[in-house]
Amino acid sequence: MVSSPVYPPNRILVLGATSAIAMAVTRQLVTPAAHFFLVARSKDKLTAVAQDLLVRGALRVDMIVTDLDETQAHAQMLSVATSQLGAIDLALLAHGVLGDQAAAERDYFVAEQILGTNFLSAVSLLTWLANYCESQGRGTLAVISSVAGDRGRKSNYVYGASKAALNAFLSGLRNRCDRAGVQVLTIKPGFVATPMTVHVPKNRLFATPEHVARGILKAVRKRKDVVYVPWFWRPIMAIIKAVPERIFKTKNL
Amino acid sequence: MPAKTTSPAFESWGRYPRHHADVVPLYWTSDFPLPAPPQAPMLPVGMGRSYGDSCLLDGGTLLAARGLDRFISFNPANGLLCCEAGVTLAEILDFGVPRGWFLPVTPGTKFVTVGGAIANDIHGKNHHVAGTFGCHVPRFGLVRSTGQKYECTATQNQSLYEATIGGMGLTGLITWAEVQLRPVVSRKIKQDSIKFTGLNEFFALSRESQHLEYTVAWIDCVATGRNFARGIFMRGDHSEQPEELKPSGKPRLTMPVDLPAFLMNKGTIGAFNTAYYAKQFAKSKTGLIDYEPFFYPLDSVLHWNRAYGKQGLLQFQNVMPWEPGEYQEGFTQLLKAIAASGLGSFLAVIKTFGTVKSPGMMSFPAPGPMIALDFPVRGERSFDLTERLADITAEYGGKMYPAKDARMAPRHFQQFYPQWQEFARYIDPAFSSAFWQRVTALG
């Protein structure tokens, strides 16, 4: 039985809840009915985020401190989260690392860690969550990927490869879960501005985490499959993808 | 200096001067002290809305604290808000107004951080009844470059509390603060605007309006002769008619490009001022007005500072002590010097500060008439004028506001703030600012 989706979502699971984009998304989801379950590595940071959401007027905020690289702990953590929440309207996967490309070129184990955090831990979480959402017959799985997954470049291809793998996984998962009424949303942000740019007129390609969060929530509301945030990254990446490999390989990218 | 070539350039809201510094964004209160402390000095910066160089460094490291933007606690029974220091006053209004709570003190822009509001001990149109922002901050957290953490109140770490309020960000990084909000039942302000000509009329209006929460006057600082010191006195109180407390919308207008500097000249400003003065036909006008246009008329145009062109603008703000009797000679001299220069702008306001004392050691406001105005940077001509105004201020025992200054001479600063050496004892040894280096230089 497929029930109709709710917006705004009230039972919200956030993995990597202390990332800038996740914080902006959760703030925009605060309503007197919003119940959050937050997961991140640092207790102090997670506590600061949880307090902020409560002061802003969320109904309830629960949290677990864990390193999401430890995939063997996922099942137990997720069953605690879902039993606290009662159900999942929205699960946001926002954890990830950019990693050190230069180090990953010298040392496979650095590359493995990037792939582990960005891809394998997401596979582990999504496997559990997809089964859960399928059985409840609803829910949104929103996953932060990156425009970098659209084409490998020498400056960050290990990161890009982890996101490309994630994109393929999500595409298949969407194909599987659609009939169960589960939305699988692939989110591809471009450059996101930080407090670093406070004094200077920003490069027009930069977006704030708030702006990116609005784009994500609009895509959730409209039941989109893949969203570029801001939107202009879709045509930019279309052009980048269209450059023939024999030219692309000679460029300094 | 190697920093000149490798570090990005920064400008404050006045866009004069420009300095190069590295920048380290802070996202969490635990991000400071930095894991690898820099050799050159550091300075916290929030929204960069100070006009001169008090939020700039030449060759050091700016700690961009805007990322510390979380609320920590709020007591709906008494309006005590605790938040991280990078939260802006705009965010406090968005949060507080729908719940019936307003800022205790607000400057002419809401795009400043709580940390910046404390560091500059900012004031507003209610100084005569409420004092400065620092009067409403009972407690804050301060982290020094050594890693030492202090919780500061009027009785606990009292010296650091007093030195940090108005301490221009030099005493350490403010990480969080408590702000005592005030209740409101409406977004509206009951406003009177009354035309006046001459300072005596302005002072009389100020006296008779002392019981009202907000008073300020726009003054035509270009007009001379018969029209000298004409202006519009604005006073208001929060409306007591309860109404729905809706959140504010977002600003829609922006100044997309730098206007050519020649647009701001004596002719255009004079014409503008005459039109503005004449716009209000009646001697006095009363009405209900939303708090946004009442407090923040310029916030509705993002980047309005671009109207002054690439050269930027200089801001001047001082306060003069009351002189015995009706006639305020020093203040009158100051206005005459501005009018005679022909450099004054449209944006000139005067107000009388009250006697509420700030806990801040270096706090600017003091009882007496104050003026704030800006004018375009026109090389030596504008610098000569600021120097002349500083001289008059010094001659009559007044003082100038560091947050709005780019030109004050060391001798002037040290006369205006004779406690500066006492204050210097509380400066974090790893902190400095372009302003501080300038005004404490020898000579």
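In what order do the seven strands of chain A form an open sheet? The order is S3-S2-S1-S4-S5-S6-S7, with parallel pairing; strands (E, at least two residues) and helices (H or I, at least four) are DSSP runs numbered from the N terminus, and two strands pair if DSSP finds at least two bridges between them. This is a predicted model, in which local features need pLDDT of at least 70, side-chain atom pairs count only at pLDDT 80 or more, and totals for chains, interfaces and linings use all residues. Residues are numbered from 1 along each chain as its sequence is written, and chains are lettered from A and ligands numbered from 1 in the order in which they are written.

At the edges of the sheet stand S3 (60-65) and S7 (226-229) of chain A, each pairing on one side only. Within the sheet, S1 (residues 11-15) and S4 (residues 90-93) of chain A are joined in the parallel sense by four bridges. Ile12(A) has Leu90(A) as its bridge partner in S4(A).

Helix H5 (residues 108-136) of chain A also comes within 10 Å of helix H3 (residues 74-85) of chain A, axis to axis, and the two cross at roughly 40°. Axes are lines fitted to C-alpha atoms, for helices over the stretch in contact, and angles run from 0 to 180 degrees between N-to-C directions. H3(A) is therefore oblique to H5(A), as angles under 35 degrees count as roughly parallel, over 145 as roughly antiparallel, 65 to 115 as roughly perpendicular and the rest as oblique.
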